[in-house]
Amino acid sequence: MSMLPVPDTAIIVVAAGSGTRLNAGAPKAFVGIDSHSILRHALDGVFAAGPAQVIVVAPAGFEGDAETEVRAAAGDRVDLGRVVTGGENRQQSVAAGLKALWGDVTRVLVHDAARALTPPEVIDAVARAIDGETGVIPTLPVVDTLKRVEGDAVIAPVDRSELAAAQTPQGFPRALLEAAYDAASGSDVEYTDDAALFAAAGHLVRQIPGSPSGFKITTSADLERARQLLAAVAIPAPDLAPTWTGPRVGLGTDVHAFGGDGNLWLAGLQWPGEPALSGHSDGDAVAHAIVDALLGAAGLGDIGEHFGTAHPEYAGAHADVFLARTREILAEAGFAIGNVSAQFQSNRPRFSTRRAEAEQVLSTALGGAPVSVTATTTDGLGFPGRGEGIAVTAVAMVHAV
Ligand code: CTP
Ligand code: MG
């Protein structure tokens, strides 16, 4: 048995609607936002607020499911929760909830389960603001420019400073709310919310600030908004200062067509008699792919940014210049080069006889970091196979110093 004192506040959570506009195949309150239902999220907020009797008004046939959600959300306050069956419309559902109030309750909050993400602070603020004769509702200012319309005709502007958008929970002194509901049950008028019904009985209603999170889930777009909000909470934004201080890898690729002037330059070497590659500088696609891999590993942009056409001083440069400058850029950012591996796809030149020489040139330009270069043909497939050009892939590992 709980030793908690009996609270003087009750929260009626109306969850008996069918959710025709959401149209999700189940009563709206039992539709999942994430792994938890709309009702469960609403109850999490309700039980996180100050202690209150909690009455969940469930659709007929779903009382057991509602009970399960109450148990899951209530924690050690489970004795404060109970479930009743709802009615044909919202007003009848609230009336059913009122019948279940404990004798000690003097203040009643009526809350839409569909406002599943309402912060507990709003619930507490409403409860605090209720006095002996006044109702309290949370509102948001209206931000849109509003028009009075008739068919497709715009009749008049509406001064939005006179308007507010009403949310829940709406709070009332118990005795006056019960009397107002008794009076309303005898009339044919269906009120849009509890504040309207309460005001129709001649009582005053005051507003306090609501919360944007207290929006009502009505359509699938609203459900999507709720999902986004919860996902944003669950996955914290990445820390701007990277926490990983170990080695970092980078990938670079480059493709050049044969058809340049003069001799081929590839992997830091000149290849007399071989057709030249076209492209900025000497067209050395192996060097360019390595530069991109190194810059990528350090998170320092790419080759176009550091060596592109905006830098004409590199127009005729060879691999040694590019790589030495890349090493400098990394060093200025606090990175040293671990190693580099590159592979090009082409039928020519025959690379194996000059591999060691090429690796030596490239490694020297990078301050001695190991560089390995391999070559492969593509079995006659694709543009390298047809002898139209060369494709290169390079990976690099760098580390902070
Ligand atoms: N509600 C209720 N009993 C009803 C109708 C509505 O308890 N007979 C509750 C809903 O469960 C919801 C709140 O009143 O938490 C606001 O209603 P609304 O957003 O209109 O929900 P539904 O009526 O379920 O949706 P729809 O109008 O699209 O069918
Ligand atoms: Mg409805």
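Which of the 18 residues around ligand 1 come nearest? I looked this up first, and the answer is Val14, Thr20, Lys28, Ser93 and Lys216. A residue counts as near when one of its heavy atoms lies within 4 Å of the molecule.

**Ground rules.** I am working with a predicted model, where local features need pLDDT of at least 70, side-chain atom pairs count only at pLDDT 80 or more, and totals for chains, interfaces and linings use all residues. Residues are numbered from 1 along each chain as its sequence is written, chains are lettered from A and ligands numbered from 1 in the order in which they are written, and side-chain values use heavy atoms, with hydrogens and water left out.

**Ligand 1, the shell.** I sorted the shell by class and found five nonpolar, seven polar and six charged residues. Here Ala, Val, Leu, Ile, Met, Phe, Trp, Tyr, Cys and Pro are nonpolar, Asp, Glu, Lys and Arg are charged, and the others, Gly among them, are polar.

**Ligand 1, polar contacts.** I looked for pairs of N or O atoms within 3.5 Å. Lysine 216 uses a side-chain N or O atom, 2.7 Å from an oxygen atom of ligand 1. Arginine 21 has a polar backbone atom 2.8 Å from a ligand 1 oxygen. For glycine 17, a backbone N or O atom is 2.9 Å from an oxygen of ligand 1. On its own, ligand 1 has 560 Å² of accessible area, and the protein covers 88% of this (Shrake-Rupley method, 1.4 Å probe).

**Ligand 1, the pocket.** I checked the space that ligand 1 takes, and it is the largest pocket. A pocket is an open set of points on a 1 Å grid over the protein atoms alone, where a 1.4 Å probe fits, with protein on both sides within 12 Å along at least five of seven lines. A molecule sits in one if more than half of its atoms lie within 2 Å of its grid points.

**The fold.** I count 12 helices and 15 strands (DSSP runs of at least four residues, H or I, and at least two, E, numbered from the N terminus). The radius of gyration is 35 Å, well over the 21 Å from the globule rule for 401 residues, so the chain is more spread out than a compact globule. That radius is taken over C-alpha atoms, and the rule is 2.2 Å times the number of residues to the power 0.38.

Definitions and conventions: Polar contact = N/O pair within 3.5 Å; in protein donor to acceptor, adjacent residues only side chain to side chain. 1 Å grid on protein atoms, 1.4 Å probe; cavity = no way out; pocket = protein on both sides within 12 Å on 5 of 7 lines; lining within 4 Å.
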